[in-house]
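Hello,

Here is the structure for your files. My notes on its charged side chains follow below it.

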Amino acid sequence: LKAPLAPARAQPEAVLSAPCLAMAKTVKKAARKTQEPVTRDYTVHLHKYLHKTQFKKRAPRAIRAIRRFAAKVMMTQDIRIDTKLNKFVWSNGIRNIPRRVRVRMSRKRNEDEEAKEKMFTLCQHVPVESFKGLQTENVRDE
């Protein structure tokens, strides 16, 4: 009969701890870049965010997906969705959401003095004929 391998358990812990120490030594950037007001046009592919979602939850989840996408790319927590964008997402009912939507995301300064966030993002619908060949574009603020 073979003897149980007691020291084999200690080896993986030693192997796992070495990369963790190496990753901890990396230095983070000291100064964080300040956020400036900016406006960009994005195409949000709603179809992939709503995969395997039950019908009665699709439109609300699509709005949440747009919020999550905007928070990720514009790096703000305060996301405001324009009523026209909301109406476009809901235009075919709760179940049949448009596959893609072109959204103009504008990061703006918060005028409210008591606001937690210094910046907020306004999401507006941009009507397009076709989504073919569209890329993210910076829009000049007027």
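Which residues form a positive surface patch? Please keep in mind that this is a predicted model. The patch is made up of Lys48, Lys72, Arg99, Arg100 and Lys132. Of these, I looked up the setting of Arg99. Arg99 sits in the loop that runs between helix 4 (83-89) and strand 3 (100-109). With 53% relative accessibility, Arg99 counts as exposed, because the cut-off for that class is over 50%.

Next, the salt bridges. Side chains of opposite charge can pair when their charged atoms come close. Searching the whole structure gives three salt bridges, taken in turn below.

Glu36 and Arg109

Glu36 is joined to Arg109 by a salt bridge in which the closest N and O atoms are 3.7 Å apart. Glu36 belongs to the loop between helix 1 (10-24) and strand 1, and Arg109 to strand 3, so this pair ties together parts that are 73 residues apart in sequence. Both partners are partly exposed: Glu36 has a relative accessible area of 43%, and Arg109 has one of 47%.

Asp41 and Arg104

A salt bridge also forms between the side chains of Asp41 and Arg104, at 2.8 Å from N to O. This pair links distant parts of the chain, with Asp41 in strand 1 and Arg104 in strand 3, 63 residues apart. Strand 1 covers residues 38-45. The two side chains are also listed as making a polar contact, again at 2.8 Å. Is Asp41 buried or exposed? Its relative accessible area is 5%, and the limit for buried is under 20%, so Asp41 is classed as buried.

Arg80 and Asp78

What is the N to O distance in the salt bridge between Arg80 and Asp78? The side chains of Arg80 and Asp78 meet at 2.9 Å. Arg80 is partly exposed at 34% relative accessibility, and Asp78 is partly exposed as well, with a relative accessible area of 22%.

To recap, the positive patch consists of Lys48, Lys72, Arg99, Arg100 and Lys132, and the search of the whole structure finds three salt bridges.

Regards

Definitions and conventions: Residues numbered from 1 in each chain as written. Predicted model: local features only at pLDDT ≥ 70, side-chain atom pairs only at ≥ 80, totals over all residues. Heavy atoms only, no water. Patch = residues over 30% accessible without salt bridge, like charges linked within 9 Å, V, L, I, M, F, W, Y side chains within 5 Å. Areas by Shrake-Rupley, 256 points an atom, 1.4 Å probe, with all protein chains shown as cover. Salt bridge = Lys/Arg side-chain N within 4 Å of Asp/Glu carboxyl O. Lys, Arg positive; Asp, Glu negative; His and termini not counted. Charge placed at Lys NZ, Arg CZ, Asp CG, Glu CD. Helix = DSSP H or I, 4+ residues; strand = E, 2+ residues; numbered from the N terminus. Buried < 20%, exposed > 50% of the residue type's maximum accessible area, 1.4 Å probe, protein only. Polar contact = N/O pair within 3.5 Å; in protein donor to acceptor, adjacent residues only side chain to side chain.
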